[in-house]
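Work through the two exercises below with the model open. Each solution goes step by step.

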Amino acid sequence: MIKKFINRLLGKTGSESSRRAHPFGKREDVPADVHGIDRSLVDQRALDVVHTLKQAGFDAYIVGGAVRDLLLGLRPKDFDVATSATPEQVKGLFRRAFIIGRRFRIVHVVYGRGREHEVIEVSTFRAYLDNAAAEQVAGNERTSKGELAGMKHAVDASGRVLRDNVWGPIEQDAARRDFSINAMYYDPETQTVVDFHHGIRDAKKRTLRMIGDAATRYREDPVRIIRAVRFGAKLSHLGFTFDPKTLEPLASSRKLLADVPQSRLFDEMLKLLQTGHALASIEQLKAVGLGTGIYPLLDVVVERADDEFVKLALQDTDRRVGESKPVAPSFLLACVLWADVRKGWMQRLQPRPGQRAPAPISALQEAVDDAFEARVGDVSGRGKLGADMREIWMMQPRFDKRVGTSPFSLVDQPRFRAGFDFLRLRAQVGEVEEELAHWWETFSMASDDMRDDMVDAQRRENLAKPGAGKARRVKRTDADHPASDSMADARFRPPQDDGDDEVPTGEDAAEPMPTDGPSPAKKRRRRRRKPSGAGRAEGGAGEAGPTD
């Protein structure tokens with residue numbers, strides 16, 4: 001009674017007191033006839049992981065965005081599993097399982113090989129701990145790597161969680177997740193959804209709501225700011241909107257991203273652009289006031305999203321993801337930075353007064369180096385992604401050469417398809433002729449004989465152009481070589497031997513054999529020069545003769 005009286009004096013409602021009394025929410029087990037999930041939409045490999053864990057005596061559920069998509073009637077692209085088993089116990093149950101991560105230790109269970117492989121991500125239920133009581137370090141993951149090695153729960157000076165590897169019960173694991181629609185657990189064997197924070201209700205209302213105090217949750221992990229934008233973009237076409245309390249501190253929390261490692265921000269940027277909702281993500285960034293300041297390269301993408309070339313690249317990426325085709329970040333980023341590269345390239349191709357214009361390839365290489373230095377920096381720009389971007393750009397001048405052996409070697413390059421797709425987008429915006437892109441598309445799919453014909457036809461077309469230069473050298477294997485018709489030129493007739501002629505020897509061998517046609521020109525022989533002095537000695541003795 002006294003507690004209720006004090007709460008009434010302080011203006012606290014009963015519902016607020018109830019929430020404080022149940023910080024982990026109230027468990028609700030929702031049956032199949034209520035949630036309506038179609039079990040056939042669940043990937044068989046995820047079912048196998050859940051079954052294996054449950055057979056070993058552990059609790060196991062499909063969790064996160066997969067449950068949200070199943071509730072909405074969508075087929076999830078990825079499946080995550082949450083379990084009461086520790087990472088070491090999970091690893092021991094599967095033949096191909098790998099423990100990854102330091103901040104959050106999880107297990108990747110791998111099925112299949114090569115491009116057809118599938119990864120089921122398995123995480124252990126985590127405890128909901130007061131971050132104010134966590135061990136604190138002065139630096140970040142890099143500067144405090146040795147200090148963090150033995151810690152299970154640690155934060156930096158700003159309160160950002162650096163380690164969160166303390167295991168706990170399922171209700172605490174649900175409380176530490178970000179959005180209510182991502183904090184539901186689905187058991188495919190009993191077809192029950194376990195809901196602690198009214199996720200099913202929010203899914204029906206199309207509401208994105210952060211669990212707990214939004215500002216505090218953004219401070220714990222600032223990357224949640226970017227995740228909020230990504231979820232908002234992904235679900236916007238289904239009518240989802242942000243809860244006001246979730247949206248209010250979103251833009252003002254942007255300064256917290258300054259403490260996040262650049263490599264992690266780079267990865268989150270790629271998720272924004274490569275999950276099939278790139279254009280919607282950019283619109284969402286602008287709508288919530290985060291169009292700039294998250295990551296420098298992302299600022300460039302947002303700035304150039306209305307450029308026709310970049311917009312086509314973003315649309316092409318969204319289309320490929322929607323068709324379950326692979327996408328490469330190198331291709332999209334090469335499109336975004338092409339304006340910088342092309343501008344520098346064109347400037348370098350202009351000859352300076354009194355100097356010759358540089359070679360196109362070397363000029364392009366210098367422009368690429370400048371673009372990387374200005375835009376990409378040290379994050380992924382020096383690795384495979386940067387190498388692939390360079391290769392796409394350096395292919396572009398090679399597409400202009402369609403004679404000789406160059407087309408055959410270019411089409412065999414591992415990155416040819418990416419380079420050609422880049423050329424195709426350039427043709428769509430009028431930067432190069434459509435005929436050039438069509439020629440290469442036909443050439444790449446043609447047979448060897450057809451490729452030879454295409455190169456010959458292109459060579460003849462080049463020769464027919466004004467100022468094409470000197471005629472080519474005719475080879476004996478060419479159809480228009482005189483040797484192809486032996487009656488046309490006696491020089492190419494095979495010698496006939498009737499057995500009566502003697503083989504000329506000695507001086508006669510140097511004389512040309514008689515023919516019915518005009519004699520071929522004699523080859524001029526090089527005279528062997530005698531050593532100096534030898535001629536004079538022989539000549540003197542010959543002229544003087546013997547003496548008496």
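**Exercise 1.** State the strand order of the open sheet and find the strands at its edges.

*Solution.* Step 1: the open sheet has eight strands in the order β1-β11-β10-β2-β3-β6-β5-β4, and the pairing is mixed. Strands (E, at least two residues) and helices (H or I, at least four) are DSSP runs numbered from the N terminus, and two strands pair if DSSP finds at least two bridges between them. Step 2: β1 (28–30) and β4 (97–100) each have a single partner strand, so one side of each lacks a neighbour in the sheet. Step 3: from one strand to the next, the twist averages 30°.

This is a predicted model, in which local features need pLDDT of at least 70 and side-chain atom pairs count only at pLDDT 80 or more, while totals for chains, interfaces and linings use all residues. Residues are numbered from 1 along each chain as its sequence is written, and side-chain values use heavy atoms, without hydrogens and water.

**Exercise 2.** Describe how helix α15 packs against helix α17.

*Solution.* Step 1: α15 (residues 296–303) and α17 (residues 329–349) pack at about 70°, with axes 10 Å apart; axes are lines fitted to C-alpha atoms over the stretch in contact, and angles run from 0 to 180 degrees between N-to-C directions. Step 2: α15 is therefore roughly perpendicular to α17 (65 to 115 degrees). Step 3: L297, V300 and V301 of α15 meet L333, V336 and L337 of α17, where contact means heavy atoms within 4.5 Å.

Key. Angles under 35 degrees count as roughly parallel, over 145 as roughly antiparallel, 65 to 115 as roughly perpendicular and the rest as oblique.
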